[in-house]
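Hi,

Here is the structure I promised to pass on. Have a look at it first, and then read my notes below.

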Amino acid sequence: MQYQSQAVAKPYFIAAIGLFVGQILFGLIMGLQYVVGDFLFPEIPFNVARMVHTNLLIVWLLFGFMGAAYYMIPEEAETELHSPKLAIAMFWIFLVAGALTIVGYLTVPYATLAELTGNDLLETMGREFLEQPLITKVGIVVVALAFLFNISMTVLKGRKTSIALVLLLGLWGLAVFFLFSFYNPSNPVLDKYFWWWVVHLWVEGVWELILGALLAFVLIKVTGVDREVIEKWLYVIITLTLITGIIGTGHHYFWIGTPEYWQWWGSIFSALEPIPFFAMTVFAFNMVNRRRREHPNKAATLWALGTGVMAFLGAGVWGFLHTLAPVNYYTHGSQITAAHGHMAFYGAYVMVVLCIISYAMPVLRGRAANSNKAQVMEMWSFWLMTIAMVFITLFLTAAGILQVWLQRFSDTPMSFMATQDQISLFYWMREWTGVVFLIGLVVYIASFFVKGETRAAA
Amino acid sequence: MDTSATMTLNQDDTVEAAPLAPPGDLAVWFFILAELLVFAVFFIAYAVARTHDVALFAVMQQTLDPDAGALNTVLLVSSSWCVARAVLAVDGARLRTGARWLLAALACGGGFLLVKGLEYADKFAEGIGLSTNTFYMFYLSLTFFHFMHVVLGMLVLAVLWHGVRRGHYRRGRLSGLESGAVYWHMVDLVWLVLFPLVYVLH
Amino acid sequence: MTTRHIDLLWLFLMFATALSWWLAEASPGAGVTGVVLALAFLKGRTVALDFMGLRGVRRPWPWLVGGWLVVVLAVIAFTFLQAPAA
C-alpha cells in the first residue's frame, strides 16, 4: 500500500461482499418463488424479495465503486486522501441506512413504510429499483456528495491522471443522474421517461465510465503497459460508450408513449452498444498479451479478462438480442430481459468490482498477492460463478423464447400464468444453477481465509 | 491480431519505406471504424425505409435544396484538401503554411455549418420536425448526427492549429496531427455518401 | 505525395461533385442512379486512399474502409433496384 489512507477501502470491500451474499440469498428465495409460489409467504412476498434482490445489488456495487475510488484515487493522485475520517464516517452512515432500509422492506408493509418515512412530503417511492424511502434517497445523496467532495479534493491537490478524471466523471454522473429519482411527474409517460435517466443512464452510461476506469487501473498495475497506451484506449472506449449509450436510451422509449422516432434512434444506436464492450475486451486481452511484467496476482488478471468477455456477452450481445424495435415488440419485459439483466450486471459490474477487490485486498492486507493456494481457490470461484451465470442466462433465454412464443407470437396465445406453468422446467434449472453460483460465492469468500506462502507487498 | 505492434510503431513513423500501418494512431482508427459502422447502419436503415414508401421519399426529397447540399460538398471536400495540404506543409517543416491551411480548413467547416444551419432554420420555420414523417425523421437525424461530427472535427482542427503554431509536430512526430486529419477526412467521407443518398438519388 | 498531386485530386473531387449536382436535376432512372453511385464511390475512394493515406498501407486497413464504401453503396444500389423511383 503506497498511501495510508487507501486503507479506508477495506471496510467498503468487506461490506460489498457481505451484501453480495444477501443479494444472492434473496435471488434464490425469489427464484424458488417462481416455481413454488407460496414459498415463505406471507413473511417474504415475491415483490419484497425482488426489491431486496435488486436493491442489494445496487447498494453493494456502490460500496464496491466507493471502495475502489478510495483505493485508486490516492495512488492516481499520488497524495493521501483528503479526509479518511470522513470516508469512514460515510461508510457507517451508508451501511446503517442501507441495513435499516432493508429491515424496513422486510418488516413493515410497503405502504406503511411509505407513510412512516414521509413519502407524502415528496412522492418518490413505488417505482421499480427506486423503491427506497425518501429519507434513504436523501441519505444516498448526502453520502454521495461527501464521498465526491472527498475524492475530488484529493484529485485537485494531487496528480490529475486520465483514469482519475474518467472515474470522477463517472461518479459525478452517477450522483447527478440519481437526482432524477426525486422527480416523479404525474404523467406516466414523463415519469417513465425520466425514470430511465436514472436506470439506463446509470448502467449504460456513467457506470461504464467507472467500469472503464477500474479496468484500466488494474490493467496498468498487472501488465505494466505504458499508462499512455492504456489511457488512449480508455478515451476511445468512453467516447463510444457515451455516443451509443446516451442515445441508446431510446430502446426504452419504444412503447411508452414517446414519439415514434425513438424506435429508429433506439434501434440504431443500441445496435452499436456492443462496440465499446467489444473494444474493452480487445483492449484487456491486448494489454495482457503485451505485459511487461509477470504480476504475482494471477487472479486479478483473470477477473480483468473475464469482465471484458462477460460484459461483451451480457451487456453487448444479450442486449442487442432484443433492442431492435421490431424484436422488442415481442420480447419486451419477458424473461429475455431478465436473462440480459443477469449476465450484463454480472459481467460488467460484479466482475469489475471483484476484479478491483481481487487486486486491492491482498495489498490492503500487506502483500502483493495472495498465496498460490488462495489464488487457485479464487480462480475456482471465478469459474463456478461465471459458468453458473452463463447457464442462468441460457435457461432464462430459453424460458424467454418459449414465453414469447406461447404468450405473444402464437395464433392462440396463452395467458401469462398459463405460460409460466409451461416454462417452469427452465425456472427449476435456473434455480439449481443459482445454487451453484452460491457455492461459487462461498468458495470465493473462503479464499480470503486460506493461508500459505505469500510475498511481501511491493 | 498484432494491432499492438503497430500502435507503437506508429509513434514515430517516418513514412519513407512502404508504410505498414495507417497514418495516425491505432486507437483513432478503431474509433473511426466504429463511427463508420454507425453511419453505415444509418444509411442502410434510410435506404430500406425508403423502399417501404418510395412515393413519400421522392416527394419529400424535392423539398430539399440540392444547391445547398452541393455547396456543402464543395466546402467539406475543400476543407479535407486543406487539411491534407496542412499535413504536407508541416511534414516539410513549413509550420506557418501548415497553420494557414488548417485555418482555411476551419473556415470551410464553418461555412458548412452555416449553410446547414440555414437549411435547418428554413425547415424549422415551416414547422418540420422529427415527427413530421419518416423521411424527415431520417433527414434530420442523419444530417444532425453528421453535423455534430463536423462540430467535433472542427474542435479537433482547432487543437491541431494551436499545436502546429506551437511547434508540437514535425517530421517523425506527426502522429497527433495525422490522427486528427484522418478523423476529419472520415467526416468528409461520410458526407460523400450522405449527399448523393439524401439529396441526389430519387 | 506531392502538393501538385493533392491539388489535382481536389480538382477531380470538385468536378465529380459538380457532375452529381447536375445529375440531381436530371430525370431519375437506373442510369442516373448508377452514375451517381459510381461517382460517390470514386470520390470516397480518393478520400480514403489519398487523403486518409491508406494507399500502400498493409491489409486489412484499405480493405476495411474500402469495404465499408462498397457495402454501403451496394446496399443503396440494391434498394434502388428493388424500389426504383416512381
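How much area is buried between chain C and chain B, and what share of it do carbon and sulfur atoms give? Keep in mind that this is a predicted model. The buried area comes to about 4100 Å², and carbon and sulfur atoms give 80% of it. On the chain C side 44 residues are in contact, and they meet 48 residues of chain B.

As for charges, the count between these two chains is 1 salt bridge. Asp7(C) pairs up with Arg85(B) there, with 2.6 Å between the closest N and O atoms.

Which parts of chain C touch chain B? Helix 1 (3-25), helix 2 (30-51) and helix 3 (61-82) each supply at least two residues. Helix 1 gives the most, with 12 residues. Sorted by class, the side of chain C that touches chain B has 31 nonpolar, 9 polar and 4 charged residues.

Now for the cores. The largest nonpolar core holds 237 residues, and Trp207(A) and Trp68(C) touch the most other members. Helix 7 (residues 188-223) of chain A gives the most to this core, with 20 residues.

Cheers

Terms used
Residues numbered from 1 in each chain as written. Chains lettered and ligands numbered in written order. Predicted model: local features only at pLDDT ≥ 70, side-chain atom pairs only at ≥ 80, totals over all residues. Heavy atoms only, no water. Contact = heavy atoms within 4.5 Å. Buried area = accessible area lost by both parts, 1.4 Å probe. Salt bridge = Lys/Arg side-chain N within 4 Å of Asp/Glu carboxyl O. Helix = DSSP H or I, 4+ residues; strand = E, 2+ residues; numbered from the N terminus. Nonpolar A, V, L, I, M, F, W, Y, C, P; charged D, E, K, R; others polar. Core = buried A, V, L, I, M, F, W, Y, C linked by side-chain atoms within 4.5 Å. Buried < 20%, exposed > 50% of the residue type's maximum accessible area, 1.4 Å probe, protein only.
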